[in-house]
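Please look over the sequence and the model below. The report that follows walks through some of its features.

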Amino acid sequence: MKFILALLVSSAAAFAPSQVAKSSVSLNAFEDELGVQPPLGFFDPLGLLTDADQERFDRLRYVELKHGRISQLAFLGQIVTR
């Protein structure tokens, strides 16, 4: 009986809203960049650009594009060699 009760309580807790801490860091510096779209605006879930300048932003964007192109070529190579 205790097991069933514990199971019901744990399953109900899975659907309860969690407490999310609000961050007061504002990233308005990059709100006008290409790729910023409503409703999210500037999306930086890992916080890589919390204390970044324009040079770091441009470097990370360049590296992201480079890795995307390399992965596209790798996928194409996988398809062609089969």
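Which side chain does arginine 61 meet in a salt bridge? The partner is glutamate 33, with 4.0 Å from N to O. This is a predicted model.

**The salt bridge**

The count for the protein is 1 salt bridge. The pair links distant parts of the chain, 28 residues apart. Arginine 61 sits in helix α2, while glutamate 33 lies in the loop between α1 (2-14) and α2. Side chains of opposite charge can pair when their charged atoms come close.

How open are these residues to the surface? Arginine 61 has 30% relative accessibility, so it counts as partly exposed. Glutamate 33 also counts as partly exposed, because its relative accessibility is 22%.

| Residue | Relative accessibility | Class |
|---|---|---|
| Arginine 61 | 30% | partly exposed |
| Glutamate 33 | 22% | partly exposed |
| Valine 80 | 62% | exposed |

**The fold and its surface**

The protein has 2 helices and 0 strands. Its chain holds 82 residues, and 9% of them count as buried. The accessible surface comes to about 7,700 Å². Carbon and sulfur atoms account for 63% of that surface.

Valine 80 belongs to helix α2, which covers residues 54-80. Is valine 80 buried or exposed? The cut-off for exposed is over 50% relative accessible area. Valine 80 reaches 62%, so it counts as exposed. Together with Leu73 and Leu76, Val80 makes a nonpolar surface patch of about 320 Å².

**The largest pocket**

What is the volume of the largest pocket? It is about 460 Å³. The lining is made by 16 residues, and those closest to the pocket centre are Phe42, Phe43, Leu49, Phe57 and Glu64. By type, the lining residues divide into 11 nonpolar, 2 polar and 3 charged.

**A cis peptide bond**

One more feature concerns the backbone. Most peptide bonds are trans. Proline 38 and proline 39, however, are joined by a cis peptide bond. Omega there is about 5°. Where is proline 39 found? Proline 39 is in the loop between α1 and α2. Glutamate 33, the salt-bridge partner of arginine 61, is also placed in the loop between α1 and α2.

How values were computed. Residues numbered from 1 in each chain as written. Predicted model: local features only at pLDDT ≥ 70, side-chain atom pairs only at ≥ 80, totals over all residues. Heavy atoms only, no water. Patch = residues over 30% accessible without salt bridge, like charges linked within 9 Å, V, L, I, M, F, W, Y side chains within 5 Å. Areas by Shrake-Rupley, 256 points an atom, 1.4 Å probe, with all protein chains shown as cover. Helix = DSSP H or I, 4+ residues; strand = E, 2+ residues; numbered from the N terminus. Buried < 20%, exposed > 50% of the residue type's maximum accessible area, 1.4 Å probe, protein only. 1 Å grid on protein atoms, 1.4 Å probe; cavity = no way out; pocket = protein on both sides within 12 Å on 5 of 7 lines; lining within 4 Å. Points joined across faces, edges and corners; volume = space filled by probe spheres on them. Nonpolar A, V, L, I, M, F, W, Y, C, P; charged D, E, K, R; others polar.
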